[in-house]
Amino acid sequence: MSLPDTAPLGRRRFLTVSAGAALAATALPGCAASVDDSGSGGGSETLTIMSVESEMDKKTIKAAEAALGCKVKFVLYDTTKLNAMLASKTPPDVVRGLGATDTPYFAARGVMTDLDQYFAKSKALKASDLDPVNDVWRFDGKKQGAGPRYGMAKDYSQDSMFWYRTDLLEEAKLDLPSETEPLSQDEWLDMGKRLVKRRLGKVKVYGMNASGLSTFCTIMGMTASAGGSLFSQDLTSVDFSSPEALKALNWYLEYARADIGPSVSNPNPDGWDWPTYQAGRMAMAGDGYWFGGSIGGDAKLAKVSRFAPAPQLGSHRISPCFGATGYWIPKEAKKKDLAWKFFEWYFGGKPAQDRAASGWGIPTLKSLHSQMPQSQPFQKQAYKVQQQELKHFSILTFSPYAQLTALDASINKILPGAVKSKSAAGKVADQLNADMNKQLANGKKVLG
């Protein structure tokens with residue numbers, strides 16, 4: 001099934017199809033829109049970048065202005081604001097996004113610039129030097145990994161891999177995971193159950209965190225490992241009732257009900273894994289290579305931290321990326337050529353070299369892989385494990401008919417009650433199918 005003409009949608013149609021996801025996004029922390037007009041560059045042009053403060057801080061903005069010879073106006077990323085700006089044809093010149101899940105949605109709506117012509121002429125960003133992960137920024141109307149390039153990742157991780165603390169595993173008298181052969185999901189779950197520590201009925205030390213970047217993506221990845229697909233072939237629906245998806249859903253429900261790690265029914269009060277893991281209150285953290293950037297700043301923790309391959313639910317070994325965070329240029333952007341200069345500087349210049357050496361993700365230029373940190377023993381081990389894992393990298397096509405925020409909102413609405421009531425997985429699957437397929441159908445209807 002191919003999508004209809006991808007010419008930009010009108011304001012009303014775009015807002016209609018985006019409304020569900022935009023509404024979901026307003027509930028997320030840190031999503032209040034903000035604009036900083038205090039660009040200090042000396043150039044007459046202004047480049048507007050929608051991003052987050054941790055990536056586009058004042059120091060980075062100042063460096064960008066010096067490198068590009070222009071002013072940079074920062075707009076805080078917000079899904080609702082972005083959708084409205086795209087619909088009114090007044091978008092930022094550069095937009096931050098998750099290539100793995102955003103590309104199909106925005107490409108299908110015809111609001112992304114085809115960057116093939118820019119890559120073809122660039123000396124800084126050669127297509128032959130692009131890491132395969134950048135293919136998640138491609139979409140041909142049917143699947144990811146083919147068709148035009150619509151963006152580029154700044155760095156990435158294979159997000160189903162995990163870090164563990166050797167001190168806590170040795171205390172529990174557990175063997176350390178293999179560096180080459182993945183655990184099964186059931187073996188990993190059993191380790192988590194044996195590592196959890198409780199006091200007066202409450203968890204003192206999490207055995208693991210298996211929630212990843214997104215619960216929907218976590219289940220999607222496990223389903224693929226079992227040999228199935230959460231999305232239908234034409235991407236118009238999900239089926240949590242298939243044998244493979246039901247197996248994945250059962251696994252997650254068992255994990256959540258065991259109360260051995262953060263879940264949709266009992267989130268981590270710390271907000272994310274790092275403070276919990278650093279404090280010795282989490283034995284295994286389901287985070288990709290990027291997590292090593294934090295570990296490298298704590299000498300004591302670095303001595304007891306190690307990296308492991310992605311656990312598998314079935315015999316179909318995969319190790320996907322659910323983020324591939326990077327940037328894209330809207331089709332209606334007013335400064336496309338200047339935006340591309342930003343791309344060449346940010347993805348191919350000193351910022352890319354600094355990121356590569358930091359350990360906060362795998363570089364997205366193959367020529368920078370050698371700059372990944374290996375000075376500490378834990379970094380050498382992580383680098384070795386990561387390089388072996390690269391051959392199992394897989395692209396899992398996301399649907400163009402709904403945004404991830406909306407599908408995760410369905411998960412967060414349905415699963416907590418199901419965990420508490422101990423509902424059968426089949427019943428939960430029916431609820432998820434009904435809720436998500438209604439969203440997908442609405443998206444399909446608007447696109448035509």
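Guide: Gladly! Let us begin with a pair of side chains: Asp-131 and Tyr-156 are joined by a polar contact of 3.0 Å. The model is predicted, so local features need pLDDT of at least 70 and side-chain atom pairs count only at pLDDT 80 or more, while totals for chains, interfaces and linings use all residues. Residues are numbered from 1 along each chain as its sequence is written, and side-chain values use heavy atoms, with hydrogens and water left out.

Visitor: What makes the pair Asp-131 and Tyr-156 a polar contact?

Guide: The term asks for a pair of N or O atoms within 3.5 Å; within protein, one must be able to donate a hydrogen and the other to accept it, and residues adjacent in sequence count only if both atoms are side-chain atoms. The side chains of Asp-131 and Tyr-156 meet at 3.0 Å, so the pair passes that cut-off. Asp-131 has a polar contact of 3.0 Å with the side chain of His-369 as well.

Visitor: Why is Asp-131 called buried?

Guide: Its relative accessible area is 4%, and buried means under 20% (exposed is over 50%, partly exposed in between, with a 1.4 Å probe and protein chains only), so Asp-131 counts as buried. Asp-131 sits in the loop between α5 and β5; helices (H or I, at least four residues) and strands (E, at least two) are DSSP runs, numbered from the N terminus. Setting aside neighbours within four places in sequence, its contacts (heavy atoms within 4.5 Å) are with Tyr-156, Pro-363, Thr-364, Leu-365, Lys-366 and His-369.

Visitor: How do you know whether Thr-113 is buried or exposed?

Guide: Its relative accessibility is 6%, and that counts as buried. Thr-113 belongs to the loop between α4 and α5. A polar atom of its side chain lies 3.4 Å from the backbone nitrogen of Lys-331. Beyond four places in sequence, Thr-113 touches Arg-149, Tyr-150, Ile-329, Pro-330, Lys-331 and Lys-336.

Visitor: Why is Leu-200 called exposed?

Guide: Leu-200 reaches 85% relative accessibility, so it counts as exposed. This residue lies in the loop between β10 and β11, and its phi is positive, near 55°, although it is not glycine. Most residues other than glycine have a negative phi. Lys-173 also has a positive phi, of about 60°; it is found in the loop between α6 and α7 and is exposed at 73%.

Visitor: How do you know that β9 and β13 pair?

Guide: Two strands pair if DSSP finds at least two bridges between them, and β9 and β13 have 4, in the antiparallel sense. Trp-163 has Phe-307 in β13 as its bridge partner. The open sheet has 3 strands in the order β12-β9-β13, with antiparallel pairing. β12 and β13 stand at the edges with a single partner strand each, so one side of each has no neighbour in the sheet.

Visitor: How does β4 pair with β2 and with β14?

Guide: β2 and β4 pair in the parallel sense over 2 bridges, with Ile-49 opposite Val-94. β4 and β14 pair in the antiparallel sense over 4 bridges, with Val-95 opposite Trp-328. In β4, 4 of the 5 residues are buried.

Visitor: What makes the protein chain as compact as a globular protein of its length?

Guide: The chain has 17 helices and 15 strands. Its radius of gyration is 22 Å, close to the 22 Å that the globule rule gives for 448 residues, so it is as compact as a globular protein of that length. The radius is taken over C-alpha atoms, and the rule is 2.2 Å times the number of residues to the power 0.38. Buried residues make up 56% of the 448.
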